[in-house]
Amino acid sequence: MSEQQPLVRAVNVIKDFGATRVLHGIDLEVHRGEVVCLLGPSGSGKTTFLRLINQLESLTGGRIWVDGELIGFEERRGRLHVRKDADIARQRSRIGMVFQRFNLFPHMTALENVVEAPVHVRGVRPSRAREEARRLLDLVGLAERADFYPSQLSGGQQQRVAIARALAMEPELMLFDEPTSALDPELVGEVLAVMRDLARDGMTMVVVTHEMSFAREVADRVVFMDAGVVVEEGAPEQVLRRPRHERTQAFLARVRREEQAAEERISAELEQLGE
Ligand SMILES: Nc1ncnc2c1ncn2[C@@H]1O[C@H](COP(=O)(O)OP(=O)(O)O)[C@@H](O)[C@H]1O
Ligand SMILES: [Mg+2]
């Protein structure tokens with residue numbers, strides 16, 4: 001596989017849920033080492049698109065390649081054949097996904113959560129997996145919390161465990177679906193910092209987020225989606241500061257108003273605490 005070929009290539013991706021079309025032909029390429037931030041109003045199809053890349057949903061139309069390999073299907077003599085479950089599992093294991101909700105196993109410690117998939121899915125030796133899990137927990141700043149249960153961790157810490165757990169499968173692509181939107185505002189920064197480090201280390205990432213400062217600082221490219229189509233994409237500077245389309249402008253203005261309202265709420269609370 002050549003280095004020039006995009007790691008993810010989506011062509012004319014269509015998704016229907018019953019009679020409702022939610023993706024109307026998405027084209028997107030993500031290159032190795034690139035960080036793409038996906039923005040758009042609620043209901044625009046961002047989650048559905050990530051779930052299609054990771055084969056948590058199946059395509060209605062179009063194609064997605066990851067690392068040059070068609071996902072979900074195999075092409076033989078010009079015809080598409082659905083891949084076998086084991087083959088789909090292999091393809092999925094190369095992609096890490098982090099959700100809004102952390103979905104850690106509540107009865108397992110942080111370390112056990114990270115060790116689980118490498119041992120049970122990939123057959124890594126437990127001692128080896130534990131060693132690697134400690135390194136990953138250290139990477140996300142949680143070396144001291146390895147033996148804590150999720151209920152003993154803050155939301156931000158749980159989300160960092162979830163990132164370590166995804167990394168334990170040695171993915172070549174990480175998908176993040178609003179990873180900080182369920183967190184209290186004071187915990188958002190620590191999760192974004194871990195993601196920033198990952199990006200710096202060269203991880204290929206697709207990040208759905210409303211965190212504009214993260215998109216501005218970390219993204220190589222910003223893609224704005226609305227109503228199941230890509231409305232515009234480009235460098236963060238361009239899309240966030242000089243959006244070409246009215247829909248992008250309206251969305252950004254709304255996000256800014258929301259950010260401002262949140263800031264005002266926090267400073268009002270701080271003022272009250274000061275009295
Ligand atoms: N499993 C599903 N069944 C039916 N409709 C769905 C399903 N998942 C998502 N949708 C619909 O698809 C559209 C896109 O949703 P989603 O991908 O979650 O958007 P976003 O992540 O941008 O908020 C929405 O109208 C949503 O209601
Ligand atoms: Mg979503």
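Start with the second largest pocket of this predicted model, which has a volume of about 560 Å³. Select R92, I95, M97, A117 and M169: of the 22 residues that line the second largest pocket, these are the closest to its centre. Strand 8 gives the largest share, four residues. Colouring the lining of the second largest pocket by class shows 14 nonpolar, five polar and three charged residues.

**Helix 3 and helix 5**

Two of the elements just coloured also pack against each other. Keep helix 3 (residues 110-120) and helix 5 (residues 155-167) on screen; their axes are 8 Å apart and the packing angle is about 25 degrees. How are helix 3 and helix 5 oriented to each other? Angles under 35 degrees count as roughly parallel, and helix 3 and helix 5 are therefore roughly parallel. Their crossing is right-handed. To see the contact, show the side chains of A110, N113 and V114 on helix 3 and of V161, A164 and R165 on helix 5. By class, this contact of helix 3 with helix 5 has four nonpolar residues, one polar and one charged.

**Helix 4 against helix 5**

Helix 4 and helix 5 pack at an angle of about 135 degrees, with 9 Å between their axes. Helix 4 and helix 5 are therefore oblique to each other. Helix 4 passes helix 5 in a right-handed crossing. On the helix 4 side, pick L136, L137 and L139; on the helix 5 side, pick V161, A164 and L167. What classes of residue make up the contact of helix 4 with helix 5? Six are nonpolar, with no polar and no charged residues. V161 and A164 were selected in the previous stop too, as part of the contact with helix 3.

**Helix 3 against helix 4**

Helix 3 and helix 4 pack at an angle of about 130 degrees, and their axes are 9 Å apart. Helix 3 and helix 4 are therefore oblique to each other. The crossing of this pair is right-handed. From helix 3, select A110, L111, V114, V115, P118 and V119; from helix 4, select P126, A129, R130, A133, R134, L136 and L137. The residues of the contact between helix 3 and helix 4 divide into 11 nonpolar, no polar and two charged. A110 and V114 of helix 3 belong to this contact and also to the one with helix 5. L136 and L137 of helix 4 likewise touch helix 3 and helix 5.

**The largest pocket**

For the last stop, clear the selection and go to the largest pocket, with a volume of about 720 Å³. Centre the view on P185, V188, E211, E259 and A262, the closest to the pocket centre of the 25 residues that line it. Which helices each supply at least two residues of the lining of the largest pocket? Helix 6 (185-200), helix 7 (212-218) and helix 9 (246-274) do. Helix 9 contributes the largest share of this lining, eight residues. Finish by colouring the lining of the largest pocket by class: nine residues are nonpolar, six polar and 10 charged.

Key
Residues numbered from 1 in each chain as written. Chains lettered and ligands numbered in written order. Predicted model: local features only at pLDDT ≥ 70, side-chain atom pairs only at ≥ 80, totals over all residues. Heavy atoms only, no water. Axes fitted to C-alpha atoms, helices over the stretch in contact; angles between N-to-C directions. Parallel < 35°, antiparallel > 145°, perpendicular 65-115°, else oblique. Left-handed = near helix turned anticlockwise from the far one by under 90°. Contact = heavy atoms within 4.5 Å. Nonpolar A, V, L, I, M, F, W, Y, C, P; charged D, E, K, R; others polar. 1 Å grid on protein atoms, 1.4 Å probe; cavity = no way out; pocket = protein on both sides within 12 Å on 5 of 7 lines; lining within 4 Å. Points joined across faces, edges and corners; volume = space filled by probe spheres on them.
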